[in-house]
Amino acid sequence: DWTSDTFIDSTVADLKEKIGSDKVVMGLSGGVDSSVAATLIHKAIGDQLTCVFVDNGLLRKNEFEEVLDSYKHMGLNVIGVDAKQRFYDALAGLTDPEAKRKAIGRVFIEVFDDEAHKIEGVKWLGQGTIYPDVIESVSVKGPSATIKSHHNVGGLPDFMKLSVVEPLNTLFKDEVREVGRALEIPENIIGRHPFPGPGLAIRILGDITEDKVKTLQEVDHIFIQGLKNHGLYDQVWQAGAILLPIQSVGVMGDERTYERVVALRAVGSVDGMTADWIHLPYDFLGKMSNEIINRVKGVNRVVYDISSKPPATIEWE
Ligand code: XMP
């Protein structure tokens, strides 16, 4: 029978044997998967593991600082890299979702590779790949499934010549969380909703500017904080806000406004393959709408996405 404790014991033993005295580098995302994978590898080989956490300028509000802090408290040897401008430069003018994903994937690899080269004699690349990622990256090769290119798997630069170590590639998300809790990883990381690698770039429809990112970060922060304050966060599998590429007419005092529209999205799911929109209480949605419109400059309308997957997807891009 599978238990998190036996999984941890056997995985740590395997990792020790496999890696020996080699060095490992690993990118952290702030998400559950990479954090649990890094903690397991760290448990096996300690400071032979160097972690790299990149600020791509597309994370949630304050996310980089808060998560970096948690990682340091967990004893991980982690390098934080501020690469915001490199990502914004690469994204400038891009509007096609796949073009944005590709640009972000490319810059991430460049930034990561720069850091990996600073570590002498590194042999292994740690990855937080979980079982559904393995399945999905296989199916992406099929003709029917080239819907979205996920850059979690298969995006390795071949010039890095590192062997891959993926301690979670047999686990489902709920098992990863169980392992994470057994490893005493803080709840702010374990209980965290999934967040896409390209981050807010695929929740800003159209081209990305720093100004739009700031606006969306404020909206998203109000919504996520609201879910937490109302005890709804843990009932939702994933939630976020989308900045739409349209403006709508509003009225403020006796002034006519012409400002942005944001959509809120909250879904229930097991693995992201299918998802249902969550019936959030109207009172709560009303409160969020008021708060967002009153507090975020440049937004005068809030809508709620009531589409399920399929036929919609969770993200809008
Ligand atoms: P969709 O929109 O395909 O999303 O229903 C399913 C799950 O995958 C996440 N997602 C991504 N994750 N890179 C990622 O790392 C991506 O390009 C990407 N696109 C979607 C999405 O947030 C949801 O959890």
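Trainee: Let's start with two helices, α4 (residues 84-91) and α5 (residues 97-117): at what angle do their axes cross?

Mentor: Two packed helices are described by the angle between their axes and the distance between the axes. Here the axes of α4 and α5 cross at roughly 145° and come within 9 Å. Axes are lines fitted to C-alpha atoms, for helices over the stretch in contact, with angles from 0 to 180 degrees between N-to-C directions. Helices are DSSP runs (H or I, at least four residues), strands are E runs of at least two, and both are numbered from the N terminus. Keep in mind that this is a predicted model: local features need pLDDT of at least 70, side-chain atom pairs count only at pLDDT 80 or more, and totals for chains, interfaces and linings use all residues. Residues are numbered from 1 along each chain as its sequence is written.

Trainee: Which residues make the contact of α4 with α5?

Mentor: Contact needs C-beta atoms, placed from the backbone, within 7 Å. From α4 come Arg86, Phe87, Ala90 and Leu91, and from α5 come Lys100, Ala103, Ile104, Val107 and Val111.

Trainee: Is the crossing of α4 and α5 left-handed or right-handed?

Mentor: A crossing is left-handed if the near helix is turned anticlockwise from the far one by less than a right angle, and right-handed if clockwise. The α4 and α5 pair is right-handed, whereas α2 and α7 cross in a left-handed way.

Trainee: How do α2 and α7 pack?

Mentor: Helix α7 covers residues 173-182, and its axis lies 10 Å from that of α2, at about 45°. The two are therefore oblique to each other (under 35 degrees is roughly parallel, over 145 roughly antiparallel, 65 to 115 roughly perpendicular, the rest oblique). Val32, Asp33, Ser35 and Val36 of α2 meet Val176, Arg177, Val179 and Gly180 of α7.

Trainee: Is Asp33 buried or exposed?

Mentor: Count other C-beta atoms, placed from the backbone, within 10 Å: 20 or more is buried, 12 or fewer exposed, in between partly exposed. Asp33 has 23, so it is buried. Leaving aside residues up to four places away in sequence, Asp33 touches Gly128, Ile130, Leu168 and Val176.

Trainee: And where is Ser29 found?

Mentor: Ser29 is in the loop between β1 (23-28) and α2 (32-45). With 20 C-beta neighbours, Ser29 counts as buried too.

Terms used
Two residues are in contact if their C-beta atoms, placed from the backbone, lie within 7 Å.
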